[in-house]
Amino acid sequence: MDPSTRLRIARLAFFQCEYCRIHENDTGFRHQVDHIVSLKHGGSSLPENLALACILCNRYKGSDIASITSQTGAPVRLFHPRKDSWNEHFRVEGAKIEPLTEVGKVTLRLLRMNSAERVAEREILQRLGRYPR
């Protein structure tokens, strides 16, 4: 990814992961530019298909564009940072991210956004005033 495109996407995201909302300054590694719909699934490298993702969210998401619901076994698309509103699919409850929709549920599970380590990290950041409550 060329530096100017990365900076454009980072500014658009206010330097926060567009999935879990952790700020780039609060992680040990720079956030990465994620292809929301991967190239292998026909996605492009245009800004409308790029999102800023922390290394963990990007690693767990990989090239996935959907997951299977645990209740019905039906496929459900993942959260799309350019087309979806974060607040329609998620909310912060304490240090956990709670899903509000099926899209939120499958995204939360697939990206492991509430693993014990990630919740503990958010608790510390909240105490420091660095993560929303």
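Buried here means under 20% relative accessible area, exposed means over 50%, and partly exposed lies in between, using a 1.4 Å probe and protein chains only. Helices are DSSP runs of H or I with at least four residues, strands are runs of E with at least two, and both are numbered from the N terminus.

Now the source. This is a predicted model, in which local features need pLDDT of at least 70, side-chain atom pairs count only at pLDDT 80 or more, and totals for chains, interfaces and linings use all residues. Residues are numbered from 1 along each chain as its sequence is written, and side-chain values use heavy atoms, without hydrogens or water.

The whole chain next. It holds 5 helices and 6 strands, in the order α-β-β-α-β-β-α-β-β-α-α from the N terminus. The C-alpha trace spans about 40 × 40 × 20 Å along its principal axes. Of the 133 residues, 43% are buried.

Let me turn to helix H1. Which residues of H1 are buried? In this helix, residues 3-12, they are Thr5, Arg6, Ile9 and Ala10. They sit on the same side of H1, because they cover an arc of only 135° around the axis, the arc being that of the directions from the helix axis to the C-beta atoms. An α-helix has 3.6 residues a turn, so residues three or four places apart point the same way. Pro3, Ser4, Arg8 and Arg11 are exposed on the other side of H1.

What covers the buried residues of H1? The cover includes strand E1 (32-35) and strand E2 (50-53). After H1 comes Phe14, with a positive phi near 55°.

Technical notes:
Contact means heavy atoms within 4.5 Å.
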